[in-house]
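Here are a few notes for you to read beside the model.

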Amino acid sequence: MSQDMRRKSLVVGVAAASLLVGAIAGFFAAHRVMNDMPGMISSGEMKGHEKGHEMEGMSMKGMSREGAKPSRDMESRPGMSEVPSGTVVVPAVARQLIGVRSVPAAHATLEEEIRTVGTVGYDERGFTQVTLRTSGWVREVFVDSIGRPVRKGEPLFTVYSPDLLVAQEEYLLAVKMQAHLAASPLDDAKANADALVASARERLRLWDVTDAQIAALERRGQADPVLTVYAPSSGIVMKREALPGKYVAPGTILYELADLSTVWISAEMYESELAAVKVGQPATVTVAAYPGETFRGKVAYVYPTLNTETRTARVRLELPNPGLKLKPGMYGNVIVQTKAVTTLVVPKEAVLDTGLRQLVFLDRGEGRYEPIAVTLGRRSRQLVEVLEGLKAGDRVVTSANFLLDAESKLASAGSMQAMMGQIGMADWQMRGAYEGKMEGMDMGDMKGMPMGDMKGMEGMKGMGSAPAIVVAETRQAGSVSLSLSTAPEKPKAGEVLLRLKVTDQAGQPVTNAQVFFVYTMPMPGMTDSKVTASYTKDGWYEGKVLFGMGGTWVVTATATIPGQPPIVEQFQFLVAGSGM
């Protein structure tokens, strides 16, 4: 029995020694791991940080003590490096699959095109009205329909006028007296007879009796009670009031004739485009009646006044009209070619227009693409002028821009989400980019953390809890009224219905507008989002948006009414946090 006891004691001793060695090894291994973890500090480093400085030595998961420059550990984390916000890195295989192409920005000759719409009208210089200078009655009408073409000198109608009849008889008497006194030895008598004939002839001419009609009157030797009125110019009959038996007074308009061999087109151009429009610039016009056919003309006149309601100025184009194809009242698409200039340009395909700003993706090489805000100038069919944001030689993406833009927004949202998790704001949610929980974040780590630890974060614009308030605001933009509201009335973080009511000056609802909302939060890393509103009834347009968090949000509403320039109004209000 003593031998068995010794064996058991030996086994127990070996087991105890093994456990002790394992515990010691585990302690040193754990201590080594703790020292290797980024942001962790030893207990000895906590000395000297008492009396209100306990938190200074603690690294908040990679945040440096100064809070101004990211630590190496932060640079290794997604979204927390010094790479500019929104930068996208695309592997070579993915670039080939989505077809990313880029071209350099370069100086080139730019011919700006100003596009607008115009209305065809007649040339006012070839417009004629036919009237009578004496009273009378219309007897016979030869041109009896509107729209009929007439030639200069073509008979229009006949008229009986007692005044014209008396004037003809007086002229015939003067001619006879002149013939009797032709052999008179009295020079004064012959001169008086000649003056009387000249006066009677001039009276007939002032009443629109032609020289041919006066000569025919002399040959007949008898007054004609009915006088024929001829067309004073060639053109198309635009108006006809001459009817058989109608009594007309002096000045009554019986016909209106318009020469349509040359037409005018009146176009409206925005105030910002007027500086580039000059008299004599070439212009092209297309109309729906003749698809594929282009009519060419030039800018004839820029009117000196501005329409205060539409903020546009009227520009007149002059075009030849062979075959009278262009008819007054037609609508036409107008393109005016402005003076060519040499400037820095990029292809139009390179520019993404968010409604509030214009972006291009700069090719940084090695598959890195960075969104850059640019300021644009004049445009042509294929090119657009870049005033600010780029320099010659910068490569910009011309294809797959929308895919890069979507990835950039996700990257920006992911960076903000990661940053919020790093600094201990796990109770906030970044919605719109990721709907799930933030991976790798232990919500339990925040238990017991006092709110005092958030000192210094109160001033971050757009962040924090916001009180629930009612959103209802009305703006007057010229003759149009815009009223913005939300559903629910007190918006909270999450899905919110934006409602915009558009009414005219008389308070009537506008039903044919195009409305869209661009919304963003004025804080670093937040990008613009856009939603198109749909018309419901009574002038209301609605669009559903997603507010990712509570705080200050800026909503820009754009309403475009046919025939008017776009109306842009910006609204700013507070959104309550989730669960408030």
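1. A word on the ground rules. This is a predicted model, in which local features need pLDDT of at least 70 and side-chain atom pairs count only at pLDDT 80 or more, while totals for chains, interfaces and linings use all residues. Residues are numbered from 1 along each chain as its sequence is written, and side-chain values use heavy atoms, leaving out hydrogens and water.

2. Is Asn321 buried or exposed? Asn321 sits in the loop between β16 (312–320) and β17 (331–337); strands are DSSP runs of E, at least two residues, numbered from the N terminus. Its relative accessible area is 2%, so Asn321 is buried (buried is under 20%, exposed over 50%, partly exposed in between, with a 1.4 Å probe and protein chains only).

3. Who are its neighbours? Leaving aside residues up to four places away in sequence, Asn321 touches Leu260, Ser261, Thr262, Val263 and Leu326 (contact means heavy atoms within 4.5 Å).

4. Now the rings. The whole structure holds 11 aromatic pairs (ring centres within 6.5 Å, using the six-membered ring of Trp; planes under 30 degrees apart are stacked, over 60 edge-to-face, the rest tilted). Trp137 and Tyr160 are stacked, at 6.3 Å centre to centre and 25 degrees between the planes. Trp137 belongs to strand β6 (residues 136–141) and Tyr160 to strand β8 (residues 155–160), so this pair ties together parts 23 residues apart in sequence.

5. One more group to look at: Tyr519, Phe547, Trp553 and Phe573 form one aromatic cluster.

Conventions:
Helix = DSSP H or I, 4+ residues; strand = E, 2+ residues; numbered from the N terminus.
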